[in-house]
Protein chains: 2
Amino acid sequence: MIPYKTIITLDRKSCTPVYIQLCNQVIQLIKCGILPPSTKLPGSRWMADTLQVHRKTVVAAYDELMAQDWIEVRPAKGTFVNSSLPIVEQQPIPGTEAAEKAKMRKQSPGFAFIRREHLNARDTEFPKEGILGLDDGVPDTRIAPIEEIARVYRNIVKKSYNRKHLSYGSIYGNMELREALADYLNDTRGLSTEPENILITRGSQMGIYLSARLLLEQGENIVVGETNYRSANKAFTEAGGTLNRVRVDANGIRTDDVETLCRKRKIRAVYVTSHHHHPTTVTLSAHRRMHLLELSQKYGFAIIEDDYDYDFHYCNAPILPLASSDSGGNVIYIGALCKIVAPGIRVGYLVAPKAFTDEAALMRRVIDRQGDQLLELTLARMIREGEIQRHSKKALKIYHARRDLFCSLLKERLGEYFEFRKPEGGMAVWVKLREGYDWDEVKAEARKNKLKLGGYCGDEDDTIDNPYPGLRMGFASLTLDEIKEAMDRLETTMTSLEQKVKSYA
Amino acid sequence: MIPYKTIITLDRKSCTPVYIQLCNQVIQLIKCGILPPSTKLPGSRWMADTLQVHRKTVVAAYDELMAQDWIEVRPAKGTFVNSSLPIVEQQPIPGTEAAEKAKMRKQSPGFAFIRREHLNARDTEFPKEGILGLDDGVPDTRIAPIEEIARVYRNIVKKSYNRKHLSYGSIYGNMELREALADYLNDTRGLSTEPENILITRGSQMGIYLSARLLLEQGENIVVGETNYRSANKAFTEAGGTLNRVRVDANGIRTDDVETLCRKRKIRAVYVTSHHHHPTTVTLSAHRRMHLLELSQKYGFAIIEDDYDYDFHYCNAPILPLASSDSGGNVIYIGALCKIVAPGIRVGYLVAPKAFTDEAALMRRVIDRQGDQLLELTLARMIREGEIQRHSKKALKIYHARRDLFCSLLKERLGEYFEFRKPEGGMAVWVKLREGYDWDEVKAEARKNKLKLGGYCGDEDDTIDNPYPGLRMGFASLTLDEIKEAMDRLETTMTSLEQKVKSYA
């Protein structure tokens, strides 16, 4: 007989009843071959004594095992493991060393199907206490209107007629939000769109992914800048597309490069962050915007316009998106409330000709069915009441001051090490390192000074010639005092690096 | 000169400043070719008079246009549209009939890239006032603990240290929730999993989609039941997989069919809703569970176990999932809190060997970056405090009574029309229609009686031989009184249909 007392452990404090625990453990023993088909089980009295439980508990467990077809009673003979079950190779008894080894094996899958090496990426960690981070350019969550959101959300759920939004809803997203966004986008971005053109997504990333999957078949061509927003590149390659890189200069992506490519091969789509190119922060010029629209008509490609930070422009009024002057229905306009509200509030939108929006909605259904309709309703109300707009203006003012301080300090105190152009908008500065220094060294030295340089600085697979053309330094998430402190640490970093360089010379 | 007064309309009540409105409208005129390159613009004084605005407004607009490179000043000559802009074909002036026609054209995209016909699906509509719906088997949102969620959520956001969860967080999901779920799943489902094996998803659907994309390349084989949960089928075909259908009987999918298929071709994965097969509600028998695990080891396929309604089992204790006895690391276990909490609260999980979970997290990053970490944290706290478990037990009791009433009334009053087996769990009954009737007719007649039969009843492309084998009738979302009322309406429906049939005979 197998050592039931050793193998079966019952936890009387668990919220799972003891008889269910016993039943489940016997099932495990059957499944792993320790109790093969036709094995006789001990009588309930013996089992109860051995495990120190009431006999009724054992009887209940055996009843359960019978109901589930694991065991069978043979009249006058006793209780047996169901003889019709398949015989399996015996596995080690749980808790033994052999079992531990088997558990280790479980860490790697039996099916060697993993084939997505190109998806490599690091996970995000919250910065540790005392560390200041210059991030990729993300909003300051400390000013996010989250308490307002929680308040409106709670008021909405208090109304019983809003309960319907807890069920399955439209795959296009909440209608009130689509209506509010249509008005908001038409008003602020010069679009002339209708709610039916809008699909609510989870942040911009889902809009990019959906567009990629709908536009690109295996091996089809998409044009992106060199360098380009990495998560967009990953969406395109994941969808099977081939990246065609064009140069980016002070006026954005080179549309003459796009034209050259169009003459050579069939281009399905061009991806552009027209307002502030990621990572270099430059704005696509008026001339190139028109040229790109013209090319899209001529060569029949779609433009994926990712306008992720339209609302943050400090110098003049923001330039209207390409989508505002798209007469051919070629532009898919993607944006999100993540930068205005907070990255964690993942609500975005995709605006396109209705036929495309319809397809995107069907594709979205397959991915995650629908968004969080109560949150969407909450944001719709906040747009209608002007709260999002008020917050956006407030944030713009705060980030404007932060940009100015950041850039002036960076120039005054660190101009000998870094080259950069003050960005007209966005939340980060694209900083190039002068000759003789190396970003990896700078990052390592900065870490010693409790400064984390966490922004995008190019990937080997993202660039053609120069592997580390620059580094994004986000200014928006730091207060003015924190910016000063960060600059102190950066200065200390560069000074000690300079001394090292000199001592080697 | 073009009719500026007619074309340009300024809205003084808009939250966009008037000078920006003017600027943007001039840009539109340039972009659509009405103001070609080198066109002279009217002087600011004339423009101010014509549009009845202050001259400073016009000057500000012109400054803005200059800053954005749309216009240029030629000394002593005046202000001109930038001569370096490309010439575009003139488009109709907005507001005219020609413009309306052009707008119509915009409804259909210029790029004819839409190629996802297989994604066809209807959108969901909330039932209208006075209509009773027998749905596919969804929870009753009226008992959802949403006020509790809103309360906990609000308490969380009040703490300033929780603000970090508003920023970009882990692509695996909130760690507290992964930890709480590991304990919860180990306790309730007999798994032996760790937080590192768990990826938080948006509902089960995202787990299915991620698995499909990771496991299947174009044309690779996946086995599903006949019939099967439609949204899962769509995820598999969308990923490029080929569906191989096996028969489903009273004991779930036929694993001997799976074995026959494995002998014929390489099978990558088998999808199974082991606890209550969708749509037929049957439970996969103990024998077949073991057989399937054995086959998966022998032929090296992955098992995607979608255990979407594990918590709702009324007769005996729920059978432990396949994942609980998977020693080879072949099972990907998918579930969600959507059925326990509410479909609109889209938080689910994927549990798999770490290597697979890691890949799924990277893929998920490409799709929508991350989940709603504050909501995830909220649910983690509610699991830790036992609130989810308490709600789950309460709901189980309510649905148990609803199932019993629904099935007894359906048998007593409508047994002559319908065949069904009382389901052991889940939220719906799989109802077959007796000879001589047709689901389309029944649905149409029911609609006249304000009864919507909205459950799954098979699709032509979902089934091999019988296009309408049955219809799912959800009982969980109706109160006992509503169930009685629905049965009255269903009886009226069938009686009048019967009379029609007789009058034809």
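Which residues are buried in α16(A)? In this predicted model, Ile483(A), Ala486(A), Met487(A), Leu490(A), Thr493(A) and Met494(A) are buried there. These buried residues pack against four elements of chain A: β3 (132-134), α14 (387-414), α15 (439-448) and β14 (451-453). Helix α16 itself covers residues 480-504 of chain A. Its 25 residues, at 1.5 Å a residue, should span 36 Å.

Chain A as a whole was examined next. It holds 16 helices and 15 strands. Its C-alpha atoms fill a box of roughly 95 × 65 × 50 Å along the principal axes. The radius of gyration of chain A is 30 Å, whereas a compact globule of 505 residues would have a value near 23 Å. Of the 505 residues of chain A, 51% count as buried. Contacts in chain A were also sorted by sequence separation. Among those between residues at least 6 apart, 72% join residues at least 24 apart.

In soluble globular proteins, nonpolar side chains tend to be buried together. Here, the largest nonpolar core has 284 residues. Val270(A), Ile332(A), Val270(B) and Ile332(B) have the most contacts inside that core. The surroundings of Val270(B) show who its partners are. With neighbours within four places in sequence left aside, Val270(B) is in contact with Val223(B), Val258(B), Leu292(B), Phe301(B) and Ile303(B).

The two chains also touch each other. In total, 111 residues of chain B are in contact with 111 residues of chain A. On the chain B side, helix α12 (residues 354-368) gives the most, with 10 residues. By residue class, the side of chain B that touches chain A divides into 50 nonpolar, 36 polar and 25 charged residues.

How are the copies related?

Backbone geometry was considered last. Most residues other than glycine have a negative phi, and most peptide bonds are trans. Several places in the model depart from this pattern. The peptide bond from Glu226(A) to Thr227(A) is cis, with omega near 0 degrees. Thr227(A) is found in the loop between β5 (221-226) and α9 (230-238) of chain A. Another cis peptide bond joins His278(B) and Pro279(B), with omega at about 10 degrees. Pro279(B) belongs to the loop between β8 (267-272) and α11 (286-299) of chain B.

Positive phi values occur as well. Ser38(A), which is not a glycine, has a positive phi of about 75 degrees. Its loop runs between α2 (18-31) and α3 (44-51) of chain A. For Thr281(A), also a residue other than glycine, phi is positive and near 75 degrees. Thr281(A) sits in the loop between β8 (267-272) and α11 (286-299) of chain A. Are these two residues buried or partly exposed? Ser38(A) has 14 other C-beta atoms within 10 Å, so it counts as partly exposed. Thr281(A) has 24 within 10 Å, so it counts as buried. The cut-off for a buried residue is 20 or more.

Note on methods
Residues are numbered from 1 along each chain as its sequence is written. Chains are lettered from A and ligands numbered from 1 in the order in which they are written. This is a predicted model: local features need pLDDT of at least 70, side-chain atom pairs count only at pLDDT 80 or more; totals for chains, interfaces and linings use all residues. Two residues are in contact if their C-beta atoms, placed from the backbone, lie within 7 Å. Helices (H or I, at least four residues) and strands (E, at least two) are DSSP runs, numbered from the N terminus. Ala, Val, Leu, Ile, Met, Phe, Trp, Tyr, Cys and Pro count as nonpolar, Asp, Glu, Lys and Arg as charged, and the others, Gly among them, as polar. A residue is buried if 20 or more other C-beta atoms lie within 10 Å of its own, exposed if 12 or fewer, and partly exposed in between; C-beta atoms are placed from the backbone. The expected span of a helix is 1.5 Å times one less than its number of residues. A nonpolar core is a set of buried Ala, Val, Leu, Ile, Met, Phe, Trp, Tyr and Cys residues joined through C-beta atoms within 7 Å. The radius of gyration is taken over C-alpha atoms; the globule rule is 2.2 Å times the number of residues to the power 0.38.
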